[in-house]
Amino acid sequence: MSYLNRNERRASIVNAAVAIILKDGIGAATVRGVAKALDAAPGQIHHHFASADALRAEAFRALWTQLTADFGERLKAMAPRDRLITTLIGDVPDYKAALTRLWNDSLATSSAEPLLKSAVADAVQDWIAVLAGAIEEGVSQGIFLCKAPSWEVATHLASYCLGMDILAGLGLPEHSEEAMRARVGAVVDEHTKLN
């Protein structure tokens with residue numbers, strides 16, 4: 001490993017972990033795996049991260065921020081209902097595969113890793129905030145009529161989609177991507193009383 005200052009070294013470690021996550025999944029971002037990718041000793045990684053959990057949590061946060069920043073820019077141009085549905089199902093072609101894999105891997109792995117679990121929980125809160133923002137914009141434009149607070153509606157919609165993801169992941173034919181889009185649209189309309 002060449003000389004880098006502390007912040008640069010930490011960033012290079014996180015970037016290596018992100019590259020591994022994108023290629024092989026979050027579970028592959030081990031201290032040894034990142035050390036090998038950087039041609040470094042595991043101790044050099046542990047100097048910056050106390051555990052693989054801490055490393056994966058920071059890499060998850062960095063990757064989530066990176067993926068959702070451009071995704072968020074694309075969402076701004078959409079009408080509130082389209083933004084709501086797209087945000088719920090992550091349906092932007094350039095990002096769908098990466099977001100789906102990251103999401104599924106992190107949910108599966110986070111149950112055993114408290115720092116990663118916290119990072120995933122923060123991502124879910126951010127997701128719900130984006131949903132609530134789309135709902136509030138739709139209400140302010142007179143497109144949506146919601147009796148419940150936007151955060152409550154957004155949380156219910158997110159919970160519904162997480163459940164649908166599990167069913168779709170099982171490969172059940174009645175939970176195909178097309179069926180999920182239709183169901184999510186119907187649930188959005190039901191919860192927002194679309195005019």
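Trainee: In this predicted model, what makes α1 and α2 roughly perpendicular to each other?

Mentor: The crossing angle. The axes of α1 (residues 6-24) and α2 (residues 31-38) cross at roughly 105 degrees. The band for roughly perpendicular is 65 to 115 degrees. The value falls inside that band, so α1 and α2 are roughly perpendicular. Their axes come within 9 Å.

Trainee: Which residues make the contact of α1 and α2?

Mentor: On α1, they are S12, I13, A16, A17 and I20. On α2, they are G33, V34, A37 and L38.

Trainee: How many residues of each class are in that contact?

Mentor: Seven are nonpolar, two are polar and none is charged.

Trainee: Why is R83 called buried?

Mentor: Its relative accessible area is 10%. Buried means under 20%, so R83 qualifies.

Trainee: Where is R83 found, and what does R83 touch?

Mentor: R83 sits in helix α5. Leaving out residues up to four places away in sequence, R83 touches L75, K76, M78, A134 and E137. Touching here means heavy atoms within 4.5 Å. V153 is 70 residues from R83 in sequence, with 15 Å between their C-alpha atoms.

Trainee: What makes α5 mostly covered?

Mentor: Eight of its ten residues are buried. They are P80, R83, L84, I85, T86, T87, L88 and I89. After α5 comes G90, with a positive phi near 60 degrees.

Trainee: Which residues does L84 touch?

Mentor: L131, A134, I135, F144, L157, V188 and T192, not counting residues up to four places away in sequence. L84 is also one of the residues with the most contacts inside the largest nonpolar core. F60 and L88 are the others named there.

Trainee: How many residues does that core have, and which helices supply it?

Mentor: The core has 53 residues. At least two residues each come from α1, α2, α4 (52-76), α5 (80-89), α6, α7, α8 (150-169) and α9 (177-192). The largest share, eleven residues, comes from α7.

Trainee: Why is S111 called exposed?

Mentor: Its relative accessible area is 62%. Exposed means over 50%, so S111 passes the cut-off. S111 lies in the loop between α6 (93-110) and α7 (114-140). A57 is 54 residues from S111 in sequence and 12 Å from it in space, C-alpha to C-alpha.

Trainee: How do you know that D39 is exposed?

Mentor: The cut-off again. D39 has a relative accessible area of 65%, and exposed begins over 50%. D39 is therefore exposed. It lies in the loop between α2 and α3 (42-46).

Trainee: What is the phi of D39?

Mentor: It is positive, about 55 degrees, although D39 is not a glycine. Most residues other than glycine have a negative phi.

Trainee: Now the whole chain. How many helices and strands are there?

Mentor: Nine helices and zero strands. Buried residues make up 39% of the 195 residues. The C-alpha trace spans about 60 × 35 × 30 Å along its principal axes.

Trainee: What share of the contacts joins residues at least 24 apart?

Mentor: 65%, among contacts between residues at least 6 apart in sequence.

Technical notes:
Residues are numbered from 1 along each chain as its sequence is written. This is a predicted model: local features need pLDDT of at least 70, side-chain atom pairs count only at pLDDT 80 or more; totals for chains, interfaces and linings use all residues. Side-chain values use heavy atoms; hydrogens and water are left out. Helices (H or I, at least four residues) and strands (E, at least two) are DSSP runs, numbered from the N terminus. Buried means under 20% relative accessible area, exposed over 50%, partly exposed in between (1.4 Å probe, protein chains only). Axes are lines fitted to C-alpha atoms, for helices over the stretch in contact, and angles run from 0 to 180 degrees between N-to-C directions. Angles under 35 degrees count as roughly parallel, over 145 as roughly antiparallel, 65 to 115 as roughly perpendicular and the rest as oblique. Ala, Val, Leu, Ile, Met, Phe, Trp, Tyr, Cys and Pro count as nonpolar, Asp, Glu, Lys and Arg as charged, and the others, Gly among them, as polar. A nonpolar core is a set of buried Ala, Val, Leu, Ile, Met, Phe, Trp, Tyr and Cys residues joined through side-chain atoms within 4.5 Å.
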